[in-house]
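Welcome! Here is a short tour for anyone meeting this structure for the first time.

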Amino acid sequence: MILLQAAPLARLVFRSAVFMRFSSHKFFFCVPAWQGPIFMSGPKRRHAMPRVKSPPLILVLLLFLFFTCQAFAASCPSGYTLSGSNCIKTPTCPSGTTYNTSTNKCQATPTCPSGTTVSGSYCVATPTCPSGYTRSGGSCVPTSGGYARFVEVPDFCEGFFDVPASSNSGDLANYSACGITGAYSWNSSTGAFTGTISGLGTATIAPGETLSVTTGWHYDLKITVYGGATVAATCPAGTSYNSSLDKCATAVSCPSGTAISGSVCSATPTCTSPGSLNTTLDKCVTTPTYLSCSLPWGGTINSGQSVTA
């Protein structure tokens, strides 16, 4: 509040409110309305004006306040509220984040595909292999090695032999004790076995499948293929094998306007003008403004100034 000293001006008002008028036989004088008019009779002569009672103290105070200028209340920018001697507001953070008073940052937990966890700027998981396979990087290698088992039931010979996938290609005669011949090969990508057997033609057998051949007069043959291919390791949906990390990985997903920092999505909070972040108060802070006050006789006075009427 700014108080302006206005007592001299108030006295001037009081004095102007009292006047005297003379007539031929009577004189009449007016005093302020709170006392009402006073009539005095007497011969026509000049006398000293009777003492006028002083106005009530309450009226003096009211007149004084009339000439007292009070500054308007402190004003804060839009969105800010007055707190003590500051205008404050909560810092603004990107959608999906909240202000962390410990770090003075807007933060959020990264979003990762199901089955993964946050590691730095990645969502990661360990690749998996089916039963019977051992993981090697991003691949799954058969634990015992792939092979094709031939079960022979010729009319003159019985037995079985295995053709290992590691042999890649060759002649079945190298394994057969019953005189079966023919070229064979392995598909390293699919693990399929292809054999061209004399008198039976060419057959391709996928891992887990069995081919049975019955001639009815020479021999019966059963061929079963046991996974011989190295297959890709399995990663959770939305990820792929990252050789640098030796993990299934994908970049973390952070809310717009943030970036991964450590294991959280982070951004610097913003303050609407003219405020700035006060990390002690954890608020956007600016100085309030005070409107100027118009003086009764013209001109204005601002906060911190004084004037005497």
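## Aromatic rings and the core

Trp186 and Phe193 are both buried, meaning under 20% relative accessible area with a 1.4 Å probe, protein chains only. A word on the source: this is a predicted model, where local features need pLDDT of at least 70, side-chain atom pairs count only at pLDDT 80 or more, and totals for chains, interfaces and linings use all residues. Residues are numbered from 1 along each chain as its sequence is written, and side-chain values use heavy atoms, leaving out hydrogens and water.

Phe150 and Phe161 are buried too. The whole structure holds 6 aromatic pairs (ring centres of Phe, Tyr or the six-membered ring of Trp within 6.5 Å; stacked under 30 degrees between planes, edge-to-face over 60, tilted for the rest). Two of them are listed here:

| Pair | Type | Centre to centre | Between planes |
|---|---|---|---|
| Phe150 and Phe161 | stacked | 4.7 Å | 10° |
| Trp186 and Phe193 | edge-to-face | 5.1 Å | 65° |

Across the protein chain of 309 residues, 28% are buried.

Methods: Buried < 20%, exposed > 50% of the residue type's maximum accessible area, 1.4 Å probe, protein only.
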